[in-house]
Amino acid sequence: MKAAALEGQEANVVTDYILKILGLEVCADTFVGDEMRRGISGGQKKRVTTGEMLVGPARALFMDEISTGLDTSTTFHIVNSLRQSIHILNGTALISLLQPAPETYDLFDDIILLSDGHVVYQGPRENVLEFFEYMGFKCPERKGVADFLQEVTSRKDQEQYWARKDEPYSSISVKELAEAFQSFHIGQKLGDDLAVPFDKSKSHPAALTKDKYGVSKKELLKACVSREYLLMKRNLFVYVFKMIQLIFIGVITMTIFIRTEMHRDTITDGGIFMGALFFILIMIMFNGFAELAMTILKLPVFYKQRDLLFYPSWAYSLPALILKTPISILEVTVWVFMSYYVIGFDPDVGSQMASGLFRLMGGLGRNIIVANTCGSFALLTVLVMGGFILTRDDVKKWWKWGYWISPLMYAQNAIAVNEFLGKSWRHVPPNSTEPLGVLVMKSRGIFPEPHWYWIGVGALIGYCFLFNFLFTLALKYLDPFGKPQAVISKETLAERIASKTGENIELSSRGRDSSERRTGASSRSLSWKVTSVNEANQKRMRGMVLPFEPLSMSFDEIKYAVDMPQ
């Protein structure tokens with residue numbers, strides 16, 4: 001117990017530390033937000049994603065422009081914390097930043113300078129300026145190194161950094177810079193290291209992990225249960241509302257099926273009791289419909305964390321079954337004591353079956369529209385084939401399979417056998433040789449044998465585990481709908497094709513130098529036009545290309561005021 005408490009304290013310390021260095025303390029208890037809820041800001045969402053990766057199991061981090069929307073100080077603290085964690089845990093981080101400050105640039109160990117698909121430099125940060133001095137370019141004293149690296153590969157900007165005044169300046173292309181790097185001592189050392197195959201015998205035993213996840217299965221389940229419990233506390237209003245709704249409908253049910261008006265003399269009286277039982281089952285089924293929407297809302301986060309190997313699918317689905325079973329028992333206990341506890345059936349199993357069914361529909365649908373459609377269709381099928389709306393004798397032969405797989409049929413048979421084989425229904429009516437309860441069940445196509453009560457209970461327990469098992473499989477093997485495709489302009493597409501085919505290019509009328517340059521600390525993109533593009537190459541391009549017309553918007557006489565605090 002002491003060790004577990006210590007682990008919990010360490011986890012809280014780590015969480016507080018990450019919140020502090022990312023500047024997220026002010027929004028620690030705020031929802032991230034979605035299309036319908038504002039939530040936190042865009043910059044804070046980026047920092048949440050960064051923190052999520054820090055506490056995840058990955059030891060190799062690939063981060064693209066994580067500083068967008070952040071101020072210089074916050075960017076420095078984030079990169080500094082990443083640097084410390086990488087050095088302590090012997091990890092690796094490849095980060096691209098948008099125009100980083102000099103103090104942020106100095107935190108990097110190595111620099112990779114990319115331009116037009118060529119590796120211009122790859123090596124220690126301390127030697128990058130030495131390479132460009134080797135090529136004849138020098139960074140001014142008050143110039144940021146990141147900005148210098150961004151501009152020195154541009155034909156338009158590199159002339160101002162030419163340091164060999166005794167030699168005439170001649171534009172050096174990116175390709176020539178990349179070739180010259182191969183003869184530079186850093187490039188030669190890199191080439192020699194890559195040419196020699198790595199000796200696996202010198203590898204550390206812990207260099208390659210043998211476990212798929214960062215911690216044991218027990219710890220994964222414990223963490224997911226804790227997270228599910230936290231989400232349930234945040235969604236407490238939903239469960240309170242469901243309970244109030246159940247109590248309200250229970251009061252109405254008690255007034256409709258009041259015992260002073262309920263008789264046990266004829267088969268018609270038995271049909272009224274059968275309707276009351278069916279109504280109770282329907283209410284329990286519909287009470288689990290809320291699981292569908294809550295499941296859909298949580299799926300985007302699950303898919304991201306599943307693909308990043310935070311935890312397996314079973315560790316995500318099992319806590320819902322564990323923690324929500326007591327809630328289902330409480331709901332049906334309140335219902336039974338209010339309306340129909342004298343029947344003595346065990347409806348909490350059926351409630352968990354319904355919740356599992358709608359969780360399965362949410363996992364299969366993966367979209368609120370599709371899931372609602374699938375859930376409504378499944379509920380309609382279960383109701384029609386449940387043995388009350390259509391009795392067993394009225395179901396067509398080709399639909400018999402639907403009757404036998406309907407969970408509602410087993411629930412209906414179980415509670416009907418429990419009720420109509422009781423003492424109140426054992427008297428034999430006139431002109432009959434069988435008890436009234438047996439006649440009522442036969443008139444509705446219910447199996448009158450006593451063992452059907454236990455068959456129904458066992459079937460509902462089986463369906464409960466089956467639906468949750470299928471929900472786990474859906475989470476494991478299905479991916480979300482509508483994965484985003486790259487949307488690029490015609491100019492960008494033409495530029496990419498030209499860089500691959502080597503065709504001549506023509507600069508745009510504005511004279512912008514067309515290049516896409518990215519360093520380990522900065523990135524920038526400009527555009528150029530291509531005079532001709534091979535149509536065959538266009539057909540071979542993958543992804544989705546949506547041409548669009550760039551539009552410029554201008555605003556005139558905008559006024560705004562900022563309220564100052566007292």
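Two residues are in contact when they have heavy atoms within 4.5 Å of each other. The structure described here is a predicted model, and the protein averages a pLDDT of 77, with 79% of the residues scoring at least 70.

**Confidence**

- Mean confidence is highest in strand β4 (residues 118-124), at 91, and lowest in strand β8 (residues 529-530), at 32.
- Over residues 342-351 pLDDT stays under 50, and the model has 26 contacts beyond four places in sequence for this stretch.
- Where pLDDT is low, the predicted coordinates should not be read in detail.

**Helices α17 and α19**

- Helix α17 (residues 407-420) and helix α19 (residues 452-477) have axes that come within 8 Å and cross at roughly 150°.
- Angles over 145 degrees count as roughly antiparallel, so α17 is roughly antiparallel to α19.
- The crossing of these two helices, α17 and α19, is left-handed.
- From α17, the residues P407, M409, Y410, A411, N413, A414, V417 and N418 meet W452, Y453, I455, G456, V457, A459, L460, Y463 and F467 of α19.
- The residues of this contact between α17 and α19 comprise 14 nonpolar, three polar and no charged.

**Residue Q412**

- Q412 lies in helix α17.
- The relative accessible area of Q412 is 1%, so this residue is buried.
- Leaving aside residues up to four places away in sequence, Q412 touches M274, F278, L281, G386, F388 and I446.

Key. Residues are numbered from 1 along each chain as its sequence is written. This is a predicted model: local features need pLDDT of at least 70, side-chain atom pairs count only at pLDDT 80 or more; totals for chains, interfaces and linings use all residues. Side-chain values use heavy atoms; hydrogens and water are left out. pLDDT is the predictor's confidence in each residue, from 0 to 100. Helices (H or I, at least four residues) and strands (E, at least two) are DSSP runs, numbered from the N terminus. Axes are lines fitted to C-alpha atoms, for helices over the stretch in contact, and angles run from 0 to 180 degrees between N-to-C directions. Angles under 35 degrees count as roughly parallel, over 145 as roughly antiparallel, 65 to 115 as roughly perpendicular and the rest as oblique. A crossing is left-handed if the near helix is turned anticlockwise from the far one by less than a right angle, and right-handed if clockwise. Ala, Val, Leu, Ile, Met, Phe, Trp, Tyr, Cys and Pro count as nonpolar, Asp, Glu, Lys and Arg as charged, and the others, Gly among them, as polar. Buried means under 20% relative accessible area, exposed over 50%, partly exposed in between (1.4 Å probe, protein chains only).
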